[in-house]
Amino acid sequence: MTPMTRTKQPLTNNLEMTATIHDILDQGKKTGFSTVEAFGEKVEREEYEHLTSHKIQRHTAVINKVTARAFWETGDPVGFSLSKPGLNEIKNAFTAVYSFHLPSGASGARNYASLLPASLDRVEVKIYDDTIDSINISHVDELEDQVNETLVSPSFKDLELKKICFVKELKKVYIANSNGLNAKYIKTHFNLLLTMGLKGNLIDIGETSAFARQIEPVKLVYRAYNLLDSLTENPLKWGPKEIPLVFSPEASAFILKEFSEYFKIKGDRKFMDFSFPTILNIIDDPLAEGRVGSVPFDDEGTQVGEKYLVRKGSFIQFISDVQTAFQYGTQSSGNGYRNERSLFPAVRFSNLYIKPTVLSLKNLMEDAGKGVLVSLLKLKNIAKEGYVFSAYGYKFSGNNLLEPVHFHICTTFLNYFLHVVKVSKEMKFFYSTYNVGSPYVLLDARQKSPGLLTI
C-alpha cells in the first residue's frame, strides 16, 4: 500500500473509508462480477471570500464519496457512486446495476478488466503541505495586506482590488481492485484568486499550488496590471507582411490547452509524421514536485512518470487511460482521471507544459527586433481556416514595450507548433481542471489583412 503522508486528521475517518473500499470489493464479487474496482475520495474545502468594504465570508464543504466499477467476464463495465455508504447501500447498488445491466446485454467481447494494475511502487512526490491546519483567516488578511501595500505604488495608479478569494483543500484518495491493488495518497491544494479593476475593465487572476507558501500575491498584482493595461481597442498597424509574435506564458498556455485534445490517443495520428522545430518539447508530468496537478498514480492506479509528448520536435506519444489504451492496442499512459460529470475515468492531463530553455525573454525580443508581445487571448470562434483568437498585447522594439494594440490571430494546431522559433526560460503554470504551463514563445506570423494575423 502506498503510504499516506502523516496528517492530523482522525484515524477513524481513514479506517471507515478503508472498510468501505473493502466492502465494495467483497460485495461486488459476491454479486457475481469477475473484477471489481473501488475508488474513494474525501475532500475538505475551506473558502475565504472578501469583497471590498464587506466582511470576510468563510465557507466550508466536505465531500465523501466512493465509486465502483464492476466487470463481467466480457463486455463493458457498470458502476455506481455513493456518498457515505453503508453495507446495505453497497449491496443494493450492486443488485441494481447487476439486474438492469445483465451480461447478456454486453457486447460479449473481451474487456480491459485484466489490465487494471495489481500493484504500485512507492513514489515520493511532494504534494502535501503539513501547515494546512494553520492556514486561516489571519493568513488571508496577510495576503490582502501584501496586495494593498503593492497597490500604493505610483506604478499601479488606478488599479483596484475588487475581491480576494482564497481556497484551501485537503484531498485523500483511496483505490483498490480485485486484482490486488490497494493504495492511497493525500494532497493539498491552495488557490488565491484576485479580481482586479482598471479603467472600467475587470480581470480574475489567480495562482494555484500544492503549498501555501508558494502563493505570491505581489506577482499577481504585476500580472493583473500588465493584462488589464493591454486591453485596448487600438488596432494593430504594421507595415511588413511578416510580424514576429512573442506569446506570454498566459497566452501560450491558453493555446496549449485549446490544442491539448490533439495529444490524446483519439487525436489525429498523422501529426506524428511531422517534424516540429527541435527546440519544442511538450511534457505531461504527474510527478512534478509542488505542482497542483501532481499525483503518485492516476485514478485507475496506473503509475507513470514524466512523459514527453513531443521531444526535440518529434511527436512521441499520445496520452490515454486504461480503456482507450485497450481500444488502441497499447498501454495506458497513466492519464485516467475521474470528474464530477463522469462515473468512470476519462483521459486527462496532469501537468502539461512546454519545456523551458536557457533563453531569457530579452533574448527572444532582441532576436525578433520589432514585433508584438501577446499578453492575453480569447477564443472568438473555430472557423474552417482554423482557430480565431482575439488578441491583446504590446508592440515592442528590442527590449522596450510600446503602445497596447488589439488584433486577431488565426491558426491551427499544426501551423502553430511548426512556426515556433524560440522558447524562453521563464515559466508559469495555470490551473483549470488540470495544470497547464508555458514559458514565453517566439513565433513567426503573417498579416492576412489589416488586424488579422495568421500563423
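1. Confidence. The model is predicted, and its chain has an average pLDDT (the predictor's confidence in each residue, from 0 to 100) of 91, with 95% of the residues scoring at least 70. Residues 1-12 have a pLDDT below 50, yet this stretch makes 28 contacts in the model beyond near neighbours in sequence; contact means heavy atoms within 4.5 Å. Where pLDDT is low, the predicted coordinates should not be read in detail.

2. Conventions. Residues are numbered from 1 along each chain as its sequence is written, and side-chain values use heavy atoms, with hydrogens and water left out. In this predicted model, local features need pLDDT of at least 70 and side-chain atom pairs count only at pLDDT 80 or more, whereas totals for chains, interfaces and linings use all residues.

3. Sheet. Six strands form an open sheet in the order β10-β9-β8-β13-β19-β18, and their pairing is mixed. Helices (H or I, at least four residues) and strands (E, at least two) are DSSP runs numbered from the N terminus, and two strands pair if DSSP finds at least two bridges between them. At the edges are β10 (314-315) and β18 (428-432), each of which pairs on one side only. Two antiparallel bridges join β10 to β9 (residues 307-311), and R311 is found opposite S314 of β10.

4. Helix α5. This helix (residues 249-258) lies across β8 (282-284), β13 (351-354), β18 and β19 (434-438), and runs at about 130° to β19. Axes are lines fitted to C-alpha atoms, for helices over the stretch in contact, and angles run from 0 to 180 degrees between N-to-C directions. Because seven of the ten residues of α5 are buried, the helix is largely enclosed by the rest of the structure; buried means under 20% relative accessible area, exposed over 50% and partly exposed in between, with a 1.4 Å probe and protein chains only. The buried residues are P249, E250, A251, S252, A253, I255 and L256.

5. Nonpolar cores. A nonpolar core is a set of buried Ala, Val, Leu, Ile, Met, Phe, Trp, Tyr and Cys residues joined through side-chain atoms within 4.5 Å. The largest has 48 residues, and L245, F247, I282 and F417 have the most contacts inside it. Neighbours within four places in sequence aside, the contacts of I282 include L256, F263, L309, V310, L352, I354 and F417. A second, separate core has 32 residues, among them I135, L170, L220 and V221.

6. Salt bridges. The whole structure holds 19 salt bridges, each defined as a side-chain nitrogen of Lys or Arg within 4 Å of a carboxyl oxygen of Asp or Glu. E49 pairs with K163, the closest N and O atoms being 3.5 Å apart. This pair links distant parts of the chain, 114 residues apart: E49 belongs to strand β1 (residues 35-51) and K163 to strand β4 (residues 160-177). E49 is partly exposed at 23% relative accessibility. K162 and E160 also form a salt bridge, at 3.5 Å from N to O; K162 is partly exposed at 34%, and E160 is partly exposed at 42%.

7. A buried ion pair. R223 and E250 form a salt bridge whose closest N and O atoms are 2.9 Å apart. R223 lies in helix α4 (residues 217-229) and E250 in helix α5, so the pair ties together parts that are 27 residues apart in sequence. Both R223 and E250 are buried.
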